[in-house]
Amino acid sequence: MARPCGPENTFKPLAVLLFTTKQVVKAMEKEVAKRSQTITPFFNPRSVAVIGASGKQKKIGYVIAKNFIESFAGKIFLINPNAREILSHQCYPSLSSVPEEVELAVIAVPAKIVGEVLEECGEKGVKAAVIISSGFKESGSDGAKMEEELVMISRKYNIRLMGPNCMGVFDSSTMVDTLFIPRYRLKRPPRGKIAFISQSGASGIAFLDWAAGEKIGISKFASYGNAADVDEADLLEFLAGDSETKVIAMYLEGIKEGRKFASVAREVTKNKPVIVLKSGATGSGARAALSHTGSLSGSDEIFNAVVKQTGMIRVYDWEEMFDIARALAYQPGARGNRVAVITNGGGAGVMIADEIEKQGMKLADLREKTLSGLAAKFPPHVTLRNPMDLGGDADNERFQDALGAVIEDDSVDSIILVCIPHTPSIDLESFVDMVLDTKGKNDKPLTICLPGGRVSLEIRELFEENEIPTYPTPARAALSLSALVRYGRLKNGA
Ligand code: ACO
């Protein structure tokens, strides 16, 4: 007998469907949380063992031991069969002789003994191991075999592995620091909202050094080298759930599992922007990547397609990555692509107009109300168009009026302030305060272009400390703003 039709009967299957969809989503979230829990000990362990710790200042095992002793709050165990004390800390001959639980092991011994050391980690119940040592897949077939053995040991004991052939982890809040670069050579960056994942240790170091020099805050850093176990997708998934991370930046040479990476990236970009710098785009680059981290770079066209599908933002050098990361860390995504430009330098205004168009954005058509309101306040030589050239004699008040008016103008989605701070009419200290006063009072992203040398750099720092991204050239300011437009579009589902 045919089932009767009616609102009740059509509603019921829909309710069931919604219920099951909700259940599936919940189950998937649970799975993600479970997987991410296995990554947590790399960044927030209760106890750490440095295996291969050394008292010799030039050794990698010395630097890593020193980093932990100087600033890690959890328990530290140093392991070396040939030393009784290192840096005034008791030294254990082996991991099995440590009387307490060890959550994270940092391994810095020659490749040929890493396997037996890892086996010992397994027996001890270690949850995660960072393997700094080189001499595995990247060095040829014998190394690849040894790497496979590490993976087998890690599966046998359920230990997550980072590396081998990596720098490992830096966490600015727990101060897990496995970077073997001494702190007098590489100042660690302050706490902040940008996480950086890097297949290459050296690229990671360059990025961190830059961040430290510019006082840009970093939440977490991981260099995962050959990705024998933990790979870029695992880290991406983990960072998506990290409350201290607002933006994820990545340096990749290859992708271990394309499908897994694409599906994780697609989910992550719904909540956090992901910036990706991928090398190995040419034949020469791909060959270099193979001998560096044993990575297969793959086709650049396919990678571009993945970038497009997943909503990641691709960049082509460190400077771009850094510029865009700051914009995304500090500012909200834009609602649309209409930009208002306010400047006291006509030439810079023209340049930025060009760059805005090149980046696929457009100059906003300011409302008549905005223009007439400002005309009543400003002298006649002010150009009341977009870009709005306030004149070489513009003072803070003129900037403030213009900024206030474009913030109120509903034809404007974002703002670029191009300020030549050298003119006598500008009071530098209160100029920064005046701009900062607008923070949090509207949802329009703001970037600042501050061309020039010493004077520009001085106020640049004040802005950056207060999370307003500044750039020395119109091109860099426009590129960074365009990332906010793209991310805003993605968030709005456009
Ligand atoms: N358990 C614990 N410690 C041990 C053990 C053991 N079973 N056996 C030896 N040790 C100790 C040694 O006694 C030594 O300390 P000591 O000199 O104070 O006595 C220490 O461990 C290190 O062992 P060494 O044989 O001296 O090895 P060395 O320090 O020269 O090198 C290292 C080890 C750094 C891991 C090296 O093999 C290596 O791989 N270097 C390259 C690292 C690298 O570049 N990684 C990738 C960077 S990121 C990138 O660019 C992709």
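Of the 494 residues in the protein, 53% are buried. This is a predicted model, so please take every value I give as computed from that model. The protein has 17 helices and 19 strands. Along the principal axes, its C-alpha atoms fill a box of roughly 85 × 80 × 45 Å.

Let me go to the ligand. Where does the ligand sit? The space it takes is the largest pocket. The ligand has 24 residues around it, and the closest are Ser54, Lys59, Asn82, Ile132 and Ser134. Sorted by class, that shell comes to 12 nonpolar, 10 polar and 2 charged residues.

Lys56 has a polar side-chain atom 3.0 Å from an oxygen atom of the ligand. For Asn80, an N or O atom of the side chain is also 3.0 Å from a ligand oxygen atom. As for area, the ligand taken alone exposes 1000 Å², and the protein buries 73% of that.

Next, helix H5 and what follows it. Helix H5 covers residues 141-157, and Arg155 is in it. Is Arg155 buried or exposed? Its relative accessibility is 61%, and the cut-off for exposed is over 50%, so Arg155 counts as exposed. Arg155 also pairs up in space with a residue from elsewhere in the sequence: Gly122 is 33 residues away along the chain, and the C-alpha to C-alpha distance is 9.6 Å.

Past that helix, in the loop between H5 and S7, we find Asn158. Asn158 is not a glycine, yet its phi is positive, at about 60°. Asn158 counts as exposed because its relative accessibility is 67%.

A second residue of this kind is Lys215, again not a glycine, with a positive phi of about 55°. Lys215 is in the loop between helix H6, residues 201-213, and strand S10, residues 218-223.

On to the cis peptide bonds. One runs from Gly163 to Pro164, with omega near -5°. Pro164 belongs to the loop between strand S7, residues 160-162, and strand S8, residues 168-171. Another cis bond joins Asn386 and Pro387, and there omega is about 0°.

My last item is Glu237, in helix H7, which covers residues 232-240. Glu237 has a relative accessibility of 10%, so it counts as buried. Which side chain does Glu237 meet in a polar contact? The partner is the side chain of Arg35, at 2.8 Å.

Asn158 has a positive phi, and so does Lys215. The cis bonds I showed are at Gly163 to Pro164 and at Asn386 to Pro387. Glu237 is buried, with its side chain in a polar contact with that of Arg35.

Terms used: Residues numbered from 1 in each chain as written. Predicted model: local features only at pLDDT ≥ 70, side-chain atom pairs only at ≥ 80, totals over all residues. Heavy atoms only, no water. Helix = DSSP H or I, 4+ residues; strand = E, 2+ residues; numbered from the N terminus. Buried < 20%, exposed > 50% of the residue type's maximum accessible area, 1.4 Å probe, protein only. Near = heavy atom within 4 Å. Polar contact = N/O pair within 3.5 Å; in protein donor to acceptor, adjacent residues only side chain to side chain. Areas by Shrake-Rupley, 256 points an atom, 1.4 Å probe, with all protein chains shown as cover. 1 Å grid on protein atoms, 1.4 Å probe; cavity = no way out; pocket = protein on both sides within 12 Å on 5 of 7 lines; lining within 4 Å. Sits in = over half its atoms within 2 Å of the grid points. Nonpolar A, V, L, I, M, F, W, Y, C, P; charged D, E, K, R; others polar.
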